[in-house]
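Reader: I am new to protein structures and would like to learn how to read one. Could you take me through an example?

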Amino acid sequence: AASDVYKRQVLLLGDHVYQYHLKEKKFDKVTGEEGKSIVGTLVPFKHENNRTYINDFKHIYELHDGDSLLQTTFECYQDTVISSASHDEHGDFWIGSNFGLIHYNPVSQKQTHILTNLFTEVNMVQCDQRGKVWIGADNLLFAWLIQEQKFVLFGESVSYTHLTLPTIRL
């Protein structure tokens, strides 16, 4: 179980990645693939089936429990910057970027840009494991319905300080 892993080891993310093994009280340096450099901040976003998924500004990495090799699962196009990543119930990745929402199927290795005129840059994505990808963009909340392949926009709340109510005369 994931909680057992957290009881056994801790990931330390900085200029380098280290695994600290609690029982043995020792560090292992995690190495990346030859020729790949970590770009920006490392952000872990999922731990499942003995794998931890981590993204930086250009890649999604996979780290197997007990292994010290950070393997590249996804690499974005040259001018794309990853702001957030999530993993759905089917094993697909949903990536928020400076060019919007990207879907990546690791089995087919197919990358699809989800076209919309609702927003350009995505700040945050989160899969709810129930067929929706929640998206934060332009200070608004959207949901991408995976099966229906459509967006739903959740509007801003109405502020009563700006609301004009009609006057009723009796």
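Predicted model: local features only at pLDDT ≥ 70, side-chain atom pairs only at ≥ 80, totals over all residues.

Reader: Thanks! How many helices and strands does the protein have?

Author: There is one helix, and there are 15 strands. The protein has 170 residues, and buried ones make up 35% of them. As for its surface, the protein exposes about 11,000 Å², with carbon and sulfur atoms supplying 51% of that area.

Reader: How do strands come together in a sheet?

Author: In general, strands of a sheet pair through backbone hydrogen bonds, and the pairing is either parallel or antiparallel. In this model, an open sheet of seven strands runs in the order E1-E2-E3-E7-E6-E5-E4, and its pairing is mixed.

Reader: Which strands stand at the edges of this sheet, and why is one side of each left without a neighbour?

Author: The edge strands are E1 (9-13) and E4 (43-48). Each has a single partner strand, so one of its sides has no neighbour in the sheet.

Reader: In what sense do E1 and E2 pair, and over how many bridges?

Author: Strand E2 covers residues 17-21, and E1 pairs with E2 in the antiparallel sense over five bridges. Together E1 and E2 form a hairpin, with three residues between them. To find your way across this pair, look for Val-10, which stands opposite Tyr-20 in E2.

Reader: Now for a single residue. Is Ser-86 buried or exposed?

Author: Ser-86 belongs to strand E8 (residues 82-87). A residue is called buried when its relative accessible area is under 20%. Ser-86 has 4% relative accessibility, so it counts as buried.

Reader: Which residues is Ser-86 in contact with, apart from its neighbours within four places in sequence?

Author: With those neighbours set aside, Ser-86 is in contact with Phe-45, Asp-92, Phe-93, Trp-94, Val-125, Gln-126 and Cys-127. For Cys-127 there is a further detail: the side chain of Ser-86 reaches the backbone nitrogen of Cys-127 at 2.9 Å.

Technical notes:
Residues numbered from 1 in each chain as written. Heavy atoms only, no water. Pairing = 2+ DSSP bridges. Helix = DSSP H or I, 4+ residues; strand = E, 2+ residues; numbered from the N terminus. Buried < 20%, exposed > 50% of the residue type's maximum accessible area, 1.4 Å probe, protein only. Polar contact = N/O pair within 3.5 Å; in protein donor to acceptor, adjacent residues only side chain to side chain. Contact = heavy atoms within 4.5 Å. Areas by Shrake-Rupley, 256 points an atom, 1.4 Å probe, with all protein chains shown as cover.
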